Amino acid sequence: MTDLVARVAEVLPSVRRDLEDLVRIQSVWADPARRDEVHRSAQTVADLFTGVGFGDVRIVSEGGAPAVIARHPAPAGAPTVLLYAHHDVQPEGDPAQWHSPPFEPEERDGRLYGRGTADDKAGIATHLAALRAFDGSPPVGVTVFVEGEEESGSPSLSALLAEHQDLLAADVIIIADSDNWSSEIPSLTVSLRGLADCVVEVETLDHGLHSGMWGGVVPDAISALVRLLASLHDDDGNVAVRGLHQGTATDVDYTPERVRADTGILDGVREIGDGSVPQRLWAKPAITVIGIDTTSIAASSNTLIPKARAKVSMRVAPGGDAAAHLDLLRAHLEDHAPWGAKVTVTPGDVGQPYAIDASGPVYDAARTAFKQAWGADAVDAGVGGSIPFIAEFAAAFPDATILVTGVEDPNTQAHSINESLHLGVLQKAATAEALLLAALAQTAD
């Protein structure tokens with residue numbers, strides 16, 4: 001074990017250089033103008049795993065973004081492990097809000113800043129470090145699968161899994177795209193909420209009207225939309241849509257002080273909902289209004305607005321069905337139309353929640369590896385967000401054990417401005433993965 005830990009430390013400088021090169025590639029698949037950058041990113045990833053010593057490396061696409069599959073055959077009797085990450089990233093938002101250019105990595109106080117430093121090019125770096133620690137010849141079979149459109153909802157993943165199922169088949173699947181309890185305490189993600197969203201449009205008029213002539217008699221669409229959206233929660237902030245599933249969360253201590261530290265909630269602003277923080281965050285549904293289309297303040301006039309739209313995002317607790325929950329959300333919106341306003345709901349994306357059975361020899365080996373690498377026991381944690389493709393992996397490979405790990409911590413700010421990677425977490429995550437691969441080799445027949 002000591003030699004392997006030291007070997008990971010030796011290869012980390014080269015891995016960091018490769019990670020920084022990846023971060024400089026603006027692989028935003030959601031931006032059509034940067035699709036070429038995503039292809040360049042895929043080729044760079046393929047070259048990196050070729051450089052590790054993998055003889056079978058290919059770039060594949062099934063109508064969507066390019067993905068990379070790299071394979072190292074299993075020694076006789078040894079299991080095969082699939083290592084997942086994704087090389088696409090979220091748009092950077094307003095560059096002026098970043099403390100350093102979003103696609104130029106910069107280290108500050110032990111953290112590496114830049115879009116994708118953590119989510120999820122650090123997942124690629126974790127796999128690289130673990131494999132370089134074995135000089136490209138790990139003691140188990142390894143298939144690396146680096147997707148290119150996860151941040152866009154993985155629309156072609158089902159086709160990729162179906163077309164390349166033989167290449168991707170594995171006994172153990174390690175998905176390096178999640179969070180840790182802190183920069184000092186690792187997590188094994190054991191549950192994830194699902195996702196369902198829709199656009200709701202409210203109409204009250206067939207054209208705008210002078211607000212002085214008709215205000216107080218004729219409803220405007222914005223006021224109607226606001227009342228409709230307010231019906232989604234009760235006065236305490238609990239979701240008010242009937243029939244949604246609630247589960248039970250892992251019993252861990254998540255204090256109000258930690259909530260404030262992790263979120264930046266403003267002084268005087270209260271938490272919403274009933275129950276413990278893990279219960280609300282991991283095992284109950286949540287509904288958020290994530291966008292509104294209407295007249296801007298700059299373009300406003302004294303006019304009753306005839307039409308307004310909002311995008312509503314719902315998180316679905318493990319054990320619930322995301323499609324059925326979307327039907328319940330749509331019914332609620334249609335049934336609560338204020339003042340007889342015309343309400344049209346257009347369904348959007350659906351991703352199923354997932355709960356993991358975190359028991360058995362693979363999880364025993366993982367917990368031991370994490371304890372050795374981090375010096376602390378891993379917390380079995382839920383995640384309030386969604387990684388819908390995990391359910392797709394489980395359906396495609398029902399006999400595989402799935403582990404969800406990651407290189408993020410509460411200060412990462414994934415998807416936000418000033419995203420960063422704690423470099424110490426990268427080292428510990430890579431060490432844990434290398435130790436786990438070595439432990440899995442001991443299960444060989």
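Here is a walk through some features of this predicted model, point by point.

1. **Ground rules.** Residues are counted from 1 along each chain as its sequence is written, and side-chain values use heavy atoms, with hydrogens and water left out. Since this is a predicted model, local features need pLDDT of at least 70 and side-chain atom pairs count only at pLDDT 80 or more, while totals for chains, interfaces and linings use all residues.

2. **Aromatic pairs.** Let's start with the rings. A pair of aromatic rings is described by the distance of the centres and the angle of the planes. Rings of Phe, Tyr and Trp (its six-membered ring) pair if their centres lie within 6.5 Å; planes under 30 degrees apart are called stacked, over 60 edge-to-face, and the rest tilted. The structure holds 7 aromatic pairs. One of them is Y84 with F145: the centres are 6.0 Å apart and the planes sit at 65°, so this pair is edge-to-face. Y84 belongs to strand 3 (residues 80-86) and F145 to strand 6, so to speak two distant parts of the chain, 61 residues apart. Helices (H or I, at least four residues) and strands (E, at least two) are DSSP runs, numbered from the N terminus.

3. **Y84 again.** What kind of pair do Y84 and F393 form? That pair is edge-to-face too, with 5.8 Å from centre to centre and 75° between the planes. (Buried means under 20% relative accessible area, exposed over 50%, and partly exposed in between, with a 1.4 Å probe and protein chains only.) Ring pairs link Y84, F145, F389 and F393 into a cluster.

4. **Salt bridges.** A salt bridge here is a side-chain nitrogen of Lys or Arg within 4 Å of a carboxyl oxygen of Asp or Glu. By this rule the count is 24. Take R16 and E107, whose side chains meet at 2.8 Å, N to O. R16 is in helix 1 (residues 2-23) and E107 in strand 4 (residues 106-108), so the bridge ties together parts 91 residues apart in sequence. R16 is partly exposed at 25% relative accessibility, and E107 is partly exposed at 42%.

5. **Two further bridges.** D293 and R309 form a salt bridge with their closest N and O atoms 2.7 Å apart. D293 sits in strand 11 (residues 286-293) and R309 in strand 13 (residues 307-316), so parts 16 residues apart in sequence are tied together. Both ends are partly exposed: D293 has a relative accessible area of 43%, and R309 has 33%. K371 and D377 also meet in a salt bridge, at 3.5 Å, N to O. K371 is partly exposed at 39%, whereas D377 is exposed at 52%. Finally, salt bridges that share partners join R7, E10 and D135 into one network.

6. You'll find D135 in the loop between helix 3 and strand 6 (141-147), and it is exposed at 56% relative accessibility. N418, another non-glycine, has a positive phi near 55°. N418 lies in the loop between strand 17 (401-405) and strand 18 (420-422). Is N418 buried or exposed? With a relative accessible area of 8%, N418 is buried. Look too at the peptide bond from D119 to D120: it is cis, with omega near 0°. D120 is in the loop between strand 5 (111-113) and helix 3 (121-133).

7. **Surface patches.** Patches are built from residues with over 30% relative accessible area and no salt bridge; like charges are joined within 9 Å, and nonpolar side chains (Val, Leu, Ile, Met, Phe, Trp, Tyr) within 5 Å. M213, W214 and V217 make a nonpolar patch with about 380 Å² of accessible area together (Shrake-Rupley method, 1.4 Å probe, only the protein chains shown counting as cover for residues). V217 is in the loop between helix 6 (211-214) and helix 7 (221-230), and it is exposed at 67%. D234, D235, D236 and D274 form a negative patch.

Note on methods:
Lys and Arg count as positive and Asp and Glu as negative; His and the chain ends are not counted. The place of a charge is taken as NZ of Lys, CZ of Arg, CG of Asp or CD of Glu.
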